[in-house]
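Trainee: I'd like to go through this model with you piece by piece, if you have a moment. Could we start once it is up on the screen?

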Amino acid sequence: MRTEWRPAAALAVALALALAGCGGSSGSAGSRACVPNCNAPANFLTEEDVRRVIAQAVNEAAAREAKATVAVVDRVGNVLAVFRMTGARERFDILSGRGVTGGLDGLRDTLPSSSAAIAKAITGAYLSSSGNAFSSRTASQIVQEHFLPGESQAPSGPLYGVQFSQLSCSDVVRNATHGTVGPKRSPLGLSADPGGLPLYKNGAVVGGIGVMADGVYGLDLVVTDRDEDLDELVAVAGTSGFQAPADIRGDRITADGKTFRYVDSESLASDPSRAPAFGALPGSLEAVPGYVDATVRAGVAFGTPASGYRPATGTFASLGAFTVVDAANAERYPPRAGSGPGAFTAAEVQKILEEGIRIANRSRGQIRRPLGSPAEVSVSVVDANGDLLGLVRTADAPVFGTDVAVQKARGALLFSRPDAFALITGLPPATYLVPAGATSSLAAWATSFRTFVGPGGDLDGRTAWSMRAIGNLHRPTYPDGIEGTPPGPLSWGFDSWSPFNVGFQLDLVYNQLVKGALGDTSTGCAGRAAVGAPAGTPDAGLPLARNGIQIFPGGVPVYRAGVLIGAVGISGDGVDQDDMVAFLGLANAARAMGTGFGNAPAAMRADQLSPQGTRLRWAQCPQSPFNDSTEQNACAGL
Amino acid sequence: MPASERLVAACAALALCAGTAFPAAAQEGLGPAVNEDRKLPPDRPADREIGQRRPGQSVPLEFFPPPADPSQVPPPLAATPRQTVPVPDRWRIMQALGFKFPFNDPYNQNILKGDLPIGDDPWLKENFPDLARTLSPDWFFSVGLVSDTLVEARRLPTPVGGPSTDRPGSVDVYGTGRQSTVAETLIVSLGLIKGDTTFKPPDYEFRFVPVFNVNRSGVEEVGAVRVDPRAGTTRTDDHVAVQELFADVHLRNVSPRYDFDSVRVGIQPFTSDFRGFVFQDVPVGVRLFGTRDNNQWQYNLAWFRRLEKDTNSGLNDVGARPRNDDLLVANAYHQDFPVPGFTSQATAILDVNREGSRGAFYNGNGFLVRPASLGDERPRDYTVGYLGLNGDGHFGPWNLQASVYVAVGRDDHNPLSGQPQDIRAGFMAMELSRDFSWIRLRLNGLLASGDRDPFDARATGFDAILENPQFAGADTSFWIRQAVPLVGGGGVALSGRNGVLPSLRSSKDQGQSNFVNPGLLLVGVGADADLMPELRAIGNVSYLRFQDTTVLGVLRNQSPPDREIGWDVSASVQYRPFMSQNVVLNASAAALLPGKGMKQLYDEDRRGPQYSILVNLLLSY
């Protein structure tokens with residue numbers, strides 16, 4: 001049976017290689033043949049492409065008698081156009097559908113629809129790569145209390161908390177003043193509302209489309225049905241001609257054996273090929289201050305300096321790594337020394353980044369096709385002050401990981417600091433827009449944390465906290481996923497929880513997130529003053545976590561002689577891979593350098609603690625971690 | 001205990017008696033002359049011989065009394081009054097003569113073993129005269145008791161818990177994998193039978209088999225025995241099951257040779273074929289069955305509905321709603337076809353599963369089993385027909401068992417492809433064996449088709465309905481005995497417990513069939529050695545290989561592993577101290593020597609091979 005099949009398959013692959021090159025806008029198993037990825041200077045959205053995408057989307061909305069706001073972005077988040085159909089609703093409602101009011105949930109008719117459309121377009125572009133096409137529906141699936149949502153007792157989504165990244169106040173993502181270089185901020189972080197899809201050309205992600213037509217910015221709580229979601233259908237029409245290759249869509253990629261949702265329905269009411277000319281569309285281009293003028297512009301090709309990402313030089317180049325650059329093509333985060341007692345040297349940072357990329361290059365990617373692809377991640381190192389000492393990435397890592405890697409490093413750093421409790425309790429409360437005037441005290445979260453964790457949970461530096469351990473305590477159930485249990489001390493209880501109201505992580509950045517959505521472009525997310533705070537209110541925030549923190553695995557603190565000197569944060573592939581690149585990469589670098597830095601001493605790690613009788617996790621390196629060996633349990637004993 | 005087993009037990013007991021009664025003679029070594037039969041009276045002329053005949057039209061029997069033997073007891077004298085002892089029925093003649101056997105002696109006449117009609121029981125007559133009258137003259141009652149004690153130790157790939165772990169420093173997926181299970185099962189079989197059962201089938205049979213189970217399992221990682229990590233690493237569970245509850249009505253006899261039609265209604269055992277490859281279970285249903293042509297043909301026509309299973313005992317859970325899974329079965333057995341000593345069977349089974357509308361179902365330990373935690377987890381229905389040809393018997397000295405099945409059907413939603421799939425799968429198994437004095441050598445081969453492309457519209461991996469294969473070492477082999485979880489690839493096992501097919505089901509007992517699986521090739525040899533009348537040793541070595549590992553690669557998002565599973569090496573002993581089935585001690589040990597494919601999936605190199613050791617004591621009354 002097999003022997004008959006094999007030559008046929010080999011022939012088919014050979015033909016595919018010969019004829020298809022980088023594949024096309026669709027493909028089947030094995031037909032994608034870009035090595036290592038499909039990114040090329042020729043692959044970008046032209047102005048004409050942008051107009052076509054918009055025309056196709058507007059055509060579908062019109063066929064459904066809907067009024068949509070459509071945004072198109074390039075892969076690094078430059079907003080290329082926002083088109084508002086005549087009569088489209090100006091503002092939208094944030095509703096999880098869980099009946100929750102608090103945080104961002106229940107915020108009605110406040111923020112402009114363009115923000116939602118941009119956030120959704122950015123989500124489609126940022127989560128995707130040459131190896132995986134994810135949509136905002138995918139995001140919805142991986143930020144909920146269970147994975148899959150609705151699977152009772154299953155742990156939370158693997159990217160729980162990722163919605164609060166790419167924030168407008170982040171120091172890592174760029175804003176309109178930085179030209180075309182990315183990654184660009186998103187007005188609302190990443191979106192879980194279906195209707196955000198990536199756009200592809202020749203197998204490479206070139207951007208994303210986001211649609212807001214139904215007026216609700218929510219998520220999909222029930223994933224076992226098939227929705228006919230208006231936003232999504234309009235977006236699907238927009239992608240015609242720029243569809244993600246079928247073989248790399250989320251529904252062919254598994255995590256723990258479960259496939260991702262890409263889109264629920266592609267039953268269009270219109271024929272995209274007969275979309276009217278752009279000039280004949282019912283509506284107009286919209287200017288969104290800080291994001292786009294009322295024009296259409298072309299996107300940038302990912303990997304060219306104009307995109308803010310280009311191949312790295314030196315040792316990193318030999319590893320195939322990419323670096324992030326500014327508008328002058330200067331590296332933004334070349335390895336440099338940290339500050340403070342026992343701080344990193346530049347050589348140490350360089351080594352940690354190198355070893356991280358080395359591990360990634362060997363690792364089995366969890367969210368990529370074809371099977372056997374290496375993991376693609378962003379690797380970051382911060383010092384004890386949260387200053388970013390270095391950031392590199394593999395060539396095709398999804399863009400969202402640039403910001404998230406740093407958020408992870410800073411999250412692990414914040415909780416591991418000897419003064420963590422004082423830092424957090426000193427911050428002003430989050431002042432919610434809904435219910436109006438309600439506040440959520442950050443000090444209360446810190447106190448709740450101490451009480452819940454008990455000995456070792458004093459946030460006094462005696463316990464080292466990894467991202468995974470913090471995530472354990474930042475879920476609406478504890479242990480994670482087990483229904484009927486109280487929430488972790490950093491999360492709201494399940495009845496008042498939603499992905500728009502998660503607890504500590506959101507509250508830490510809430511004030512500035514809202515201000516940013518309303519136009520404030522200042523940098524620094526954590527611990528800022530509330531909207532409408534009187535002039536002169538101290539507003540330094542918490543620079544340590546200036547792009548916020550993350551609450552899913554992939555970050556570990558770094559120690560030298562028992563003293564916290566910084567943290568490593570990884571993002572981009574499966575969370576177990578992120579953990580391994582952080583934990584094992586750091587261990588390898590420490591061993592190679594022999595200069596005394598390394599992972600937290602085992603006795604200090606949070607997995608020594610069993611709050612409420614349930615042990616915390618430190619890290620989890622993946623099963624079958626490497627493509628080039630049968631080694632298992634690669635992190636044992638570190 | 002079934003009649004056949006009791007017969008075996010009785011024969012074994014007789015053999016034992018015979019062995020002890022004449023030891024001296026055996027030691028001396030009897031010459032052929034001494035061993036000859038005693039001379040019989042001279043033959044009659046051929047034309048006056050009484051021939052053996054079949055029932056039906058015949059001439060009246062003629063009887064010729066044997067010549068008087070002067071050494072016999074003299075006949076009663078005509079002049080004396082006959083000394084008669086009144087006996088209630090012909091079964092109690094022996095009792096009337098003074099032979100009384102205690103109730104705990106199943107080897108001799110026993111009212112609890114269906115040897116004596118209960119209506120004539122003195123105790124019943126005295127205390128429940130009306131009942132006794134009702135049950136006269138030919139109702140029999142049979143009790144069976146079986147105690148099944150299992151102690152099992154094994155090492156399986158065991159993930160550390162997801163949200164929590166048992167120990168600090170658990171920073172990888174694979175934890176320590178030693179596991180143990182202790183289970184005690186008490187099977188009580190109660191049967192009420194009407195009929196003069198000596199030569200013909202009973203008229204009615206009512207059977208009730210409650211089963212009491214206690215089990216305890218221990219592992220070394222949390223999240224394995226229960227989904228909630230707070231439940232720790234051990235689990236004690238118990239369950240009371242109803243494994244049989246049926247009424248059997250003898251509808252009619254259709255020939256003078258007691259070929260018959262019967263119908264059996266209720267919870268009843270059913271096996272699809274000789275070895276239980278496709279279905280072996282105790283579902284509820286209605287089965288019409290019977291024989292034709294002097295028992296040369298046997299047939300079954302049945303409808304069954306599968307019952308929910310208790311998660312940890314695997315027994316029927318009659319308190320739960322039955323599965324929405326119906327079977328329609330038609331099969332026929334033909335004895336002595338194509339050659340005497342070989343039985344052939346043709347079977348057709350339609351499995352109609354409509355559990356897609358039932359919503360999610362979680363097992364007793366909190367894990368999702370329907371739909372499986374796999375792919376998109378959208379609910380699914382399927383309809384699949386199995387057509388099979390099976391045979392069992394011998395061709396001269398060669399014993400042969402062979403099975404061929406094709407499965408054809410439709411899955412309305414495959415969770416990986418996200419679309420409906422046509423099911424087209426096949427299965428073959430064969431066991432060829434030959435006895436050499438006290439040793440039987442076996443050659444096993446099994447082929448189950450695998451799926452090549454999980455994303456297309458065809459499902460070509462073979463899966464059964466509920467297999468329980470008595471093949472290639474069965475539960476003494478590692479691969480068949482143990483359920484190896486596909487760690488990191490969804491809430492499914494490579495193959496189910498007591499199952500040979502790598503069908504990636506959430507649970508063999510509670511999950512739905514899955515026709516997108518890697519398939520299997522098994523080639524093995526085995527030997528059964530009767531070392532002593534009390535002791536049998538069994539050994540098996542099987543080489544295992546997947547047919548196509550694409551689906552494993554997809555589920556784990558890794559390069560499809562090598563097809564080689566490895567070598568399953570097992571040995572077991574069966575000790576029957578009394579040479580009967582009443583006390584049976586089984587002990588076995590098995591290990592899977594991993595091939596490259598298993599090494600690419602599991603932590604084989606670091607932990608050493610997976611193994612399975614079990615000790616099982618069966619006590620039967």
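Trainee: Is strand S1 (residues 113-117) of chain B mostly covered or mostly exposed?
Mentor: Strand S1 of chain B is mostly covered, since four of its five residues are buried; a residue is called buried if 20 or more other C-beta atoms lie within 10 Å of its own, exposed if 12 or fewer, and partly exposed in between, with the C-beta atoms placed from the backbone. Before we go on, keep in mind that this is a predicted model, in which local features need pLDDT of at least 70 and side-chain atom pairs count only at pLDDT 80 or more, while totals for chains, interfaces and linings use all residues. Residues are numbered from 1 along each chain as its sequence is written, and chains are lettered from A and ligands numbered from 1 in the order in which they are written.

Trainee: Which strand is joined to S1(B), and by how many bridges?
Mentor: Strand S2 (residues 139-155) of chain B is joined to S1(B) by two bridges, and the two run antiparallel; strands count as paired if DSSP finds at least two bridges between them. Within S2(B), Phe140(B) is the bridge partner of Pro117(B). As for the names, helices (H or I, at least four residues) and strands (E, at least two) are DSSP runs numbered from the N terminus.

Trainee: And how many helices and strands does chain B have?
Mentor: Chain B has nine helices and 24 strands, and 42% of its 621 residues are buried. Of the contacts in chain B between residues at least 6 apart in sequence, 62% join residues at least 24 apart, where a contact means that the C-beta atoms, placed from the backbone, lie within 7 Å.

Trainee: Where is Ala330(B) found, and why is it called partly exposed?
Mentor: Ala330(B) lies in strand S11 (residues 325-334) of chain B, and it is classed as partly exposed because 14 other C-beta atoms lie within 10 Å. Leaving aside neighbours within four places in sequence, Ala330(B) is in contact with Leu301(B) and Ala348(B).

Trainee: Switching to chain A, what is the strand order in the sheet with S3?
Mentor: That is an open sheet of three strands in the order S4-S3-S7 of chain A, with mixed pairing. Strands S4 (107-112) and S7 (216-217) of chain A stand at the edges with a single partner strand each, so one side of each is left without a neighbour in the sheet. Helix H3 (residues 113-126) of chain A packs on the sheet, touching S3, S4 and S7 of chain A, and its direction makes about 80° with that of S4(A); such angles run from 0 to 180 degrees between N-to-C directions, with axes being lines fitted to C-alpha atoms, for helices over the stretch in contact.

Trainee: How do S3(A) and S4(A) pair?
Mentor: Strand S3 (residues 91-94) of chain A and S4(A) pair in the antiparallel sense over three bridges, and Ile94(A) stands opposite Leu107(A) in S4(A).

Trainee: What about helices H7(A) and H13(A), at what angle do they cross?
Mentor: The axes of helix H7 (residues 346-362) and helix H13 (residues 575-593) of chain A come within 8 Å and cross at roughly 130°. That makes H7(A) oblique to H13(A), because angles under 35 degrees count as roughly parallel, over 145 as roughly antiparallel, 65 to 115 as roughly perpendicular and the rest as oblique. The residues of this contact divide into 10 nonpolar, three polar and three charged; here Ala, Val, Leu, Ile, Met, Phe, Trp, Tyr, Cys and Pro count as nonpolar, Asp, Glu, Lys and Arg as charged, and the others, Gly among them, as polar.

Trainee: Last one: how many residues does each chain give to the contact of A with B?
Mentor: The contact takes 51 residues from chain A and 51 residues from chain B. On the side of chain A that touches chain B, the elements giving two or more residues are helix H1 (2-20) and strand S9 (258-259) of chain A, and the residues of that side divide into 19 nonpolar, 20 polar and 12 charged.

Key
Two residues are in contact if their C-beta atoms, placed from the backbone, lie within 7 Å.
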